[in-house]
Amino acid sequence: MSGAPPGRELFGRDEQITLVRSVIARPGAGFRIVLLTGQAGIGKTAIWEAGVTDAEQRGHAVLQTRACESEARLSHGGLGDLLEHIGPEVLAQLAPPQRRAVDAALLRDESGPVDPRALGAGFLAIIRVLAAAGGVLVAIDDDQWLDAASTAAVAYALRRLRDEQVTVLLTRRTGGPGAAYGGDGLAPHLADLRAEVTAEELPPLHPDAIRRLVDDGLPARLAQRVYELSSGNPFFALEIARALRRTDHPIGAGDELPLPSSLHALVSGRLAAASPAARRAVLVTSLVGNPRLGLIREVLRRDGADRTGSDDGGVEDAAAAGLLVVRGDHVRLAHPLLGAVARAEAPPADRRHLHRILAGTVVDAEERAQHAAFGAIPPDPAIADELARVAEATVDRGGMRATAELSEQAWRFTPRTDPRHDERLVATAERYYWAGQHETGAALLAPHLAALPPGPLRARARLHHSQMAAAELSPEQYEEVLAEADPRLRAETLAHRANAGVAYGIVPVSQGLRWTAEAADITAGLDDPAARAQAVSEAGWMEALLGIDPEPRLATMDPSTLPDLPLHDQGDRVRAVRAMWRGEVGRAQRLLDALQQLAREREEDLSATIFTLHRFETAIRVGDWIDAARILSELADGEALILPAEVLWRARGAVAAGTGDRALADEALRQVEVLAADPAAGPVFWHQLESRRTAGQAALFDGDAETAAALLSRVAADAADGEYLDPGVFPAVPDLIEALVKAGRLDEARDVLKKLDDTAAELDHPWARAGAARARGILLSAGVSTAKAADAAGGQDAAEAALTDALGRYGELGLPFDEARTVVALGTLRRRQRRFREARALLQDAAERFERLGAVGLAAAARAEAGRVGGRVAERAETAGGLTATEQQVVDLVVAGCTNRQAADRLFISVSAVEAHLTRVYAKLGVTSRTQLVRHLSRPA
């Protein structure tokens with residue numbers, strides 16, 4: 001079949017081969033990705049090879065690597081394969097920092113630590129140089145085994161590709177149909193890439209294809225039974241057929257096939273049928289991270305000299321038996337299962353013997369140390385020291401996971417009597433934490449905590465174990481840690497205690513400030529700029545929550561960002577969030593956009609996710625529900641990190657409140673309350689208050705003033721108890737006043753307004769001043785209808801002045817949603833004044849403003865209110881096609897094939913709202929069904 005590797009025919013995979021070839025052969029520029037997934041043995045590698053061959057025949061530059069399990073721990077092993085054949089003429093075009101990073105990562109010199117950003121930029125530059133001359137194929141087989149450092153460099157480059165003619169071809173093993181194998185490799189990052197991704201899960205082969213595959217001397221009836229036993233897996237089918245051919249007696253129609261039931265047993269039988277030298281070659285190859293022909297032969301030669309005096313031609317025997325594939329200097333297993341079975345069946349002493357030979361043969365220091373460890377039985381001080389040294393060097397090469405694993409081995413080889421034993425244990429757990437493997441670090445440390453001697457090391461272990469296990473320390477435990485801590489750890493513990501205590505709602509913010517201020521004072525005497533900056537930022541955060549300007553404290557730090565401190569722990573995050581709380585949304589958006597861009601450049605996934613969440617919160621404050629829904633989709637689907645359930649539910653509730661879906665806002669609150677009731681729940685307090693606030697807001701928008709007042713009163717009380725004194729932290733008070741007014745509880749509303757006025761003046765708070773003005777206008781307006789004539793006139797003037805003041809303030813701050821709500825209040829006042837024409841105009845204006853922001857529920861309410869005033873109600877603002885913006889969004893989703901439920905989920909509105917929009921669309925376009933709608937829109941203009 002055309003497109004298959006030379007000399008190899010592929011059966012039953014025409015569709016997949018055609019897909020891969022069509023993507024590689026596409027004309028013009030563009031970045032595309034093909035991901036082939038499936039069970040072991042299903043044929044992914046064969047199609048991958050066909051794609052590589054096709055790209056080479058077309059003259060494309062091909063960067064390829066075959067990742068393997070034994071190499072997954074080694075930093076930059078996959079990147080070394082990808083760049084193996086890059087010539088000096090290409091490298092000469094790199095900037096010096098990029099060239100140094102590439103050379104250091106690939107062990108071409110001893111130029112020092114690898115800068116991950118420079119390495120990713122260097123790989124990107126290489127791709128662009130190659131793409132300028134033609135197509136480029138980046139081909140990664142068994143992506144789930146690609147080492148973390150290589151993954152980071154490749155992902156960095158791919159995220160920045162735009163119009164280059166680059167194709168990425170990945171294969172990835174699944175544990176079963178649709179079940180991805182693990183979370184490592186490049187595939188989990190695909191959602192971050194601006195590329196067309198084609199994912200193809202390889203199904204089992206059809207019976208005819210299996211019969212053609214095994215039809216080499218087997219009767220047709222046996223070929224059919226092979227298909228049934230293999231379940232369409234070609235590798236399994238071939239192994240069954242080979243075993244059948246080795247059977248000495250004929251198989252009758254009613255006989256059971258004389259085959260083992262498991263694939264492991266079949267592979268074991270195949271290995272047993274090979275020569276001892278071939279089996280030895282398979283075992284050696286399976287132990288090597290980057291198997292090359294010369295290396296495998298040298299190891300077999302040394303092994304043979306130890307055992308028999310020769311290497312017995314093991315590689316050649318294994319290749320002839322189809323166990324190994326040799327192409328040039330590259331050697332690989334014909335299938336990963338061969339190596340897994342060979343390792344499992346080899347006696348431990350035998351494996352250790354081969355690892356010792358490899359430790360004296362391989363060049364890479366990291367791999368050499370790994371083999372030395374696998375070849376010895378702990379403890380061994382010399383091996384422990386070498387592993388620790390290599391672990392430190394691996395930090396500089398950008399492989400934190402590899403560093404953690406090397407550190408763990410160093411600890412296990414360190415004698416218990418060695419003073420460094422406990423230090424290495426704690427350092428290993430911390431490195432797993434830094435690598436994102438929190439559970440691994442906590443599980444490693446937990447059994448040894450009680451045995452650690454009193455002192456700073458035990459204090460450090462207890463604090464960091466609580467962070468890894470997400471288990472908050474008790475006040476007594478904090479005091480015990482502080483009693484044993486050195487100054488650096490004391491500062492870290494105080495900052496952590498403050499952050500956790502405030503986030504859990506355990507301590508008031510003023511106590512958090514006392515602790516973080518002490519931490520900042522301690523770090524002032526340490527030669528550690530990162531610790532100093534983090535402590536100062538934490539203290540600034542507490543000041544901002546208290547309504548204190550943190551700028552004087554933050555200004556004591558160098559304004560440049562520290563490369564060894566995460567961006568979310570630095571001062572600009574505090575500045576951005578405080579600006580959002582104060583209604584200064586333009587400044588907040590500028591700061592957050594710059595921080596997020598820098599976080600992505602620095603590959604700080606956690607910081608990037610945090611800044612995306614703050615961008616979402618800013619969109620909510622602005623009231624741009626369309627933008628908020630878009631950012632929420634990023635948070636739910638596109639970010640590198642998975643957010644906790646309480647964060648996503650809180651965010652869904654916020655969008656639901658603004659778009660008029662009260663049921664979803666109520667459900668979001670219920671879900672967060674359930675999570676908070678779990679004894680093992682983390683810091684859910686903040687999300688509880690926010691979910692309660694948005695559920696109260698949804699009730700207010702739905703006309704349920706009593707429920708809104710109850711929910712919002714509780715938010716305001718809890719915020720006051722926790723000393724969240726900046727009124728913009730949980731912006732509930734203006735809505736609470738409106739709810740109390742609508743519930744007829746005017747005296748309570750006046751009391752709350754007085755407090756808000758005082759706070760706004762004391763803190764010189766722009767958003768609070770605007771909110772107080774709107775609330776005052778609503779309160780005064782409500783009193784117009786019950787006051788005496790003279791008082792009513794004065795009340796009308798005061799209400800109008802307050803609402804006009806609020807409109808101006810919201811306009812200056814750039815808060816269009818609050819502006820629209822103020823216009824509604826002004827329209828309601830005009831209706832009470834019986835100035836009906838003005839009232840209608842104001843309410844229609846508000847409806848159009850709400851429509852543009854995606855607040856469909858409030859838009860409908862404003863139009864309904866305008867209708868009650870009387871007169872002709874203006875149509876919604878329409879697009880060029882005669883549809884409103886929201887109607888057009890619904891139509892686009894319907895045409896794309898979404899159900900009403902799917903469209904509602906995408907737009908964060910209710911199903912009934914989607915149905916109402918469709919009803920209006922049908923009337924406007926003269927159709928009566930979804931089918932007619934699609935046909936209507938498909939007609940040429």
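Biologist: Glad to have it on screen. In which helix does Ala760 lie?

Modeller: Ala760 lies in helix α37, residues 746–763; a helix here is a DSSP run of H or I with at least four residues, numbered from the N terminus. Before we go on, this is a predicted model, so local features need pLDDT of at least 70 and side-chain atom pairs count only at pLDDT 80 or more, while totals for chains, interfaces and linings use all residues. Residues are numbered from 1 along each chain as its sequence is written, and side-chain values use heavy atoms, with hydrogens and water left out.

Biologist: What makes Ala760 buried?

Modeller: Buried means under 20% relative accessible area, exposed means over 50%, and partly exposed is in between, using a 1.4 Å probe and protein chains only. Ala760 has a relative accessible area of 2%, so Ala760 is buried.

Biologist: Which residues is Ala760 in contact with, beyond its neighbours within four places in sequence?

Modeller: Those are His765, Ala768 and Arg769, where contact means heavy atoms within 4.5 Å. The C-alpha atoms of Ala760 and Ala770 are separated by 9.0 Å, with the two residues 10 apart along the chain.

Biologist: Now the charges. What makes Arg58 and Asp54 a salt bridge?

Modeller: The term requires a side-chain nitrogen of Lys or Arg within 4 Å of a carboxyl oxygen of Asp or Glu. For Arg58 and Asp54 the N to O value is 2.8 Å, and they are a salt bridge. Asp54 counts as buried because its relative accessibility is 5%, whereas Arg58, at 39%, counts as partly exposed.

Biologist: How do you know that Asp593 and Arg615 form one too?

Modeller: Their closest N and O atoms are 3.8 Å apart, and they form a salt bridge. This pair links distant parts of the chain, with Asp593 in helix α29 (residues 585–601) and Arg615 in helix α30 (residues 605–622), 22 residues apart. Arg615 has a relative accessible area of 14% and is therefore buried; Asp593, at 43%, is partly exposed.

Biologist: Which residues touch the most other members of the largest nonpolar core?

Modeller: Leu545, Trp581, Phe616, Tyr724, Ile737 and Phe850 do, out of 107 residues. Such a core is a set of buried Ala, Val, Leu, Ile, Met, Phe, Trp, Tyr and Cys residues joined through side-chain atoms within 4.5 Å.

Biologist: Last one: how do the axes of α1 and α2 cross?

Modeller: Helix α1 (residues 14–24) and helix α2 (residues 44–57) have axes that come within 10 Å and cross at roughly 35°. The contact involves residues of both helices, among them Ile17 and Val20 of α1 and Ala50 and Asp54 of α2.

Terms used: Axes are lines fitted to C-alpha atoms, for helices over the stretch in contact, and angles run from 0 to 180 degrees between N-to-C directions. Helices (H or I, at least four residues) and strands (E, at least two) are DSSP runs, numbered from the N terminus.
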